Amino acid sequence: MGRATEGPVLELRGLSAGYDDLAVVRGIDVAVHPGEIVALLGPNGAGKSTTLLTCAGELPPLAGEVRWRGAPVTTPLHQRARDGMAFVPEERSVLMSMTVRDNLLLGSGGLAPAVALFPELEPLLPQRAGLLSGGEQQMLTLARALATRPTALLLDELSLGLAPLVVGRLFDALRTAADEQGVAVLLVEQQARRALGVADRWYLMRQGSIVAAGDSADGIETVESMYLTDGRLDVPDAGAPVPSPTPR
Ligand SMILES: Nc1ncnc2c1ncn2[C@@H]1O[C@H](COP(=O)(O)OP(=O)(O)OP(=O)(O)O)[C@@H](O)[C@H]1O
């Protein structure tokens with residue numbers, strides 16, 4: 001799995017990011033190579049979404065840089081999308097009043113490739129997207145994103161609120177896209193156990209920093225020993241002492 005021998009397609013070097021002048025992400029280094037799925041894990045407020053928004057060009061870096069295909073990138077989201085970076089934000093991004101068909105036609109990948117990836121969508125094409133279940137809506141979102149054959153796919157909490165079976169289906173599609181098309185996937189997830197089941201590597205964020213990293217072989221035990229209870233990352237108390245992990 002993964003093609004880590006090639007250089008990273010997406011790389012964060014010493015990246016700090018946040019809102020106005022306030023950095024909520026501080027000096028992080030992250031790399032995602034073609035064909036690998038990288039999970040960005042961490043409790044609520046760790047800075048995962050801020051990191052993804054900065055990768056996508058929705059927020060400017062406060063320090064450090066986002067590198068895309070080996071060079072620093074400062075273009076806005078729409079330009080990055082044209083250059084092969086697909087971004088699925090946390091909030092549902094289907095147009096609820098439009099049909100499934102029209103939602104798919106809005107994507108630059110078109111209808112046929114999307115339905116080929118998710119044949120489950122075919123009977124739903126005439127339906128309004130707002131009438132779909134949450135899982136079907138996320139399937140539509142993922143189908144539309146993957147149909148564009150992106151170089152990289154950034155996903156924020158794709159699995160939020162979905163049943164395990166549906167999450168499994170979505171993650172299987174991600175694995176296939178990474179393995180067969182070489183898509184580089186950066187996956188922000190609260191459900192660490194699930195994410196580690198599909199990811200090649202992971203980074204654990206806490207309070208704006210990367211506090212640990214590893215690959216799938218040493219994933220769950222390490223993460224579990226730090227923050228995990230019952231398959232979900234604990235929300236730390238504001239005053240709780242910070243454990244001392246060994247960053248790589
Ligand atoms: N628009 C905003 N303006 C100011 N601060 C923000 C904004 N969005 C997020 N923050 C703050 O930035 C910090 C990191 O938030 P972020 O959403 O990146 O974390 P997260 O790890 O994605 O959490 P979650 O899993 O809850 O989505 C938090 O303290 C949050 O309150």
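The model is a predicted one.

The setting of this helix may be considered next. Twelve of the 14 residues of α5 are buried, so the helix is largely enclosed by the rest of the structure. The buried residues are Glu-136, Gln-137, Gln-138, Met-139, Leu-140, Thr-141, Leu-142, Ala-143, Arg-144, Ala-145, Leu-146 and Ala-147. The elements covering them include the strands β6 (85-88) and β7 (152-156), together with the helices α3 (100-106), α4 (111-117) and α6 (164-181).

The axes of α5 and α6 come within 10 Å and cross at roughly 10 degrees. Because an angle under 35 degrees counts as roughly parallel, α5 is roughly parallel to α6. On the α5 side the contact is made by Gly-135, Gln-138, Met-139, Leu-142 and Leu-146, and on the α6 side by Val-166, Leu-170, Ala-173 and Ala-177. By class, this contact of α5 with α6 has seven nonpolar residues, two polar residues and no charged ones. A general point about helices bears on such lists: an α-helix has 3.6 residues a turn, so residues three or four places apart point the same way.

The two ends of α5 may be treated in turn. Gly-134 lies in helix α5. With 13 C-beta neighbours inside 10 Å, Gly-134 counts as partly exposed, because burial requires 20 or more such neighbours and exposure 12 or fewer. Leaving aside neighbours within four places in sequence, Gly-134 is in contact with Gly-161 and Leu-162. Gly-134 and Arg-92 are 42 residues apart in sequence, and their C-alpha atoms are 8.9 Å apart in space. After the helix comes Arg-149, whose phi is positive, near 50 degrees.

Another helix, α1, can be described in the same terms. Eight of the nine residues of α1 are buried, so α1 too is largely enclosed by the rest of the structure. Its buried residues are Lys-48, Thr-50, Thr-51, Leu-52, Leu-53, Thr-54, Cys-55 and Ala-56. α1 is followed by Gly-57, which has a positive phi, near 90 degrees.

The surroundings of α1 include a sheet. Four strands form this open sheet in the order β2-β1-β4-β5, with antiparallel pairing. Its edge strands are β2 (22-32) and β5 (71-72), each of which pairs on one side only. Helix α1 (residues 48-56) packs on the sheet and touches β1 (10-19), β2 and β4; the direction of α1 makes about 115 degrees with that of β1. Strand β4 (residues 63-68) is joined to β5 by two bridges, and these two strands run antiparallel. Trp-68 has Ala-71 in β5 as its bridge partner.

Finally, the protein as a whole provides the context. It has eight helices and twelve strands. Of its 248 residues, 45% are buried. Among contacts in the protein with a separation of 6 or more, 72% are between residues 24 or more positions apart.

How values were computed:
Residues numbered from 1 in each chain as written. Predicted model: local features only at pLDDT ≥ 70, side-chain atom pairs only at ≥ 80, totals over all residues. Contact = placed C-beta atoms within 7 Å. Pairing = 2+ DSSP bridges. Axes fitted to C-alpha atoms, helices over the stretch in contact; angles between N-to-C directions. Parallel < 35°, antiparallel > 145°, perpendicular 65-115°, else oblique. Nonpolar A, V, L, I, M, F, W, Y, C, P; charged D, E, K, R; others polar.
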